Amino acid sequence: MLFAQKDSLIFKKNDIKFDGFSALVFRNYGLTYERIINNKFSAGISILKRDTKFIKTRLQDNINNKVLDWQFNPYVRYAFSSVENKNFFYAEIFGSINSLKTYSLNRYIENNLAFYKVEKDIQKNIGLGASIGYKEYFFYNLIFDAQIGFGLNNNQSENEAATLIPRIGLCLGYNF
């Protein structure tokens, strides 16, 4: 008697991913760990750190002087089809603990000499958000994960950059 074995990812319950798109475009360096709970649900954490030195050099152009410095995002995902299909769309709910840095170029006069100084203000926030995405497994172990979404910080700031939490990424990873 012969038995056919169906290839399944359910026995490989761990994913680790790196967000290459954000690293190239936004100078964000993100790392994600995800644990597959069952065929429909998974949970994970992602950590994102922004290259603020790059932002400080662009102050003279008055571009991007408000920057999300880092994020810590725990999340839960629901797959619209079984994870065993190896490619599926998902919805995600995430929390966020993050820090926003605001850089300003200020002019001072001291002893009849004028000078400029770059100053920063740091604001820590927490928030909630949602995103949607697509995930595909290649060659049993390689992962492609694309997502887009946003959240809102729980603060009373009038600064829109301090209120919105972006969740955009094109990740490559490994399933083990």
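Visitor: Which residue in β8 is the bridge partner of Gly151?

Guide: The bridge partner of Gly151 in β8 is Ile165. Helices (H or I, at least four residues) and strands (E, at least two) are DSSP runs, numbered from the N terminus, and two strands pair if DSSP finds at least two bridges between them. Eleven bridges join β7 to β8, and these strands run antiparallel. Before we proceed, note that this is a predicted model, in which local features need pLDDT of at least 70, side-chain atom pairs count only at pLDDT 80 or more, and totals for chains, interfaces and linings use all residues. Residues are numbered from 1 along each chain as its sequence is written, and side-chain values use heavy atoms, with hydrogens and water left out.

Visitor: How many helices and strands does the chain have, and in what pattern do they follow along the sequence?

Guide: The chain has three helices and eight strands. Along the sequence, the pattern is β-α-β-β-α-β-β-β-β-α-β.

Visitor: In what order do the strands close into a barrel?

Guide: The eight strands close in the order β1-β2-β3-β4-β5-β6-β7-β8, with antiparallel pairing. From one strand to the next, the twist averages 25 degrees; axes here are lines fitted to C-alpha atoms, for helices over the stretch in contact, and angles run from 0 to 180 degrees between N-to-C directions. Strand β1 (residues 14-19) is joined to β8 by five bridges, again antiparallel, and Asp15 stands opposite Asn175 in β8. Between β5 and strand β6 (residues 113-138) there are 24 bridges, and Lys101 has Ile122 as its partner in β6.

Visitor: Which parts of the chain does the pair of Glu34 and Arg77 link?

Guide: Glu34 forms a salt bridge with Arg77, with the closest N and O atoms 3.1 Å apart. The pair links strand β2 (residues 28-36), which holds Glu34, to strand β4 (residues 66-79), which holds Arg77, and the two residues are 43 apart. Glu34 is buried at a relative accessible area of 2%, and Arg77 is buried at 3%. Arg77 also meets Asp145 in a salt bridge (2.9 Å, N to O). Asp145 lies in strand β7 (residues 142-153) and Arg77 in β4, so this pair ties together parts 68 residues apart in sequence.

Visitor: Are Arg167 and Glu92 buried or exposed?

Guide: Arg167 is buried, with a relative accessible area of 9%, and Glu92 is buried, at 2%. Their side chains meet in a salt bridge (2.9 Å, N to O). Arg167 is in strand β8 (residues 164-175) and Glu92 in strand β5 (residues 87-110), 75 residues apart.

Visitor: Which residues make up the largest nonpolar core?

Guide: A nonpolar core is a set of buried Ala, Val, Leu, Ile, Met, Phe, Trp, Tyr and Cys residues joined through side-chain atoms within 4.5 Å. The largest one has seven residues: Ile36, Ala79, Val83, Phe88, Tyr90, Tyr137 and Ile143. Not counting residues up to four places away in sequence, Ala79 touches Asn39, Lys40, Phe88, Phe89 and Tyr90, where contact means heavy atoms within 4.5 Å.

Visitor: Why is the pair of Tyr78 and Phe80 edge-to-face?

Guide: Rings of Phe, Tyr and Trp (its six-membered ring) pair if their centres lie within 6.5 Å; planes under 30 degrees apart count as stacked, over 60 as edge-to-face and the rest as tilted. The structure holds five aromatic pairs. The rings of Tyr78 and Phe80 have centres 5.8 Å apart and planes at 85 degrees, so the pair is edge-to-face. Phe41, Tyr78 and Phe80 form one aromatic cluster.

Key. Buried means under 20% relative accessible area, exposed over 50%, partly exposed in between (1.4 Å probe, protein chains only). A salt bridge is a side-chain nitrogen of Lys or Arg within 4 Å of a carboxyl oxygen of Asp or Glu.
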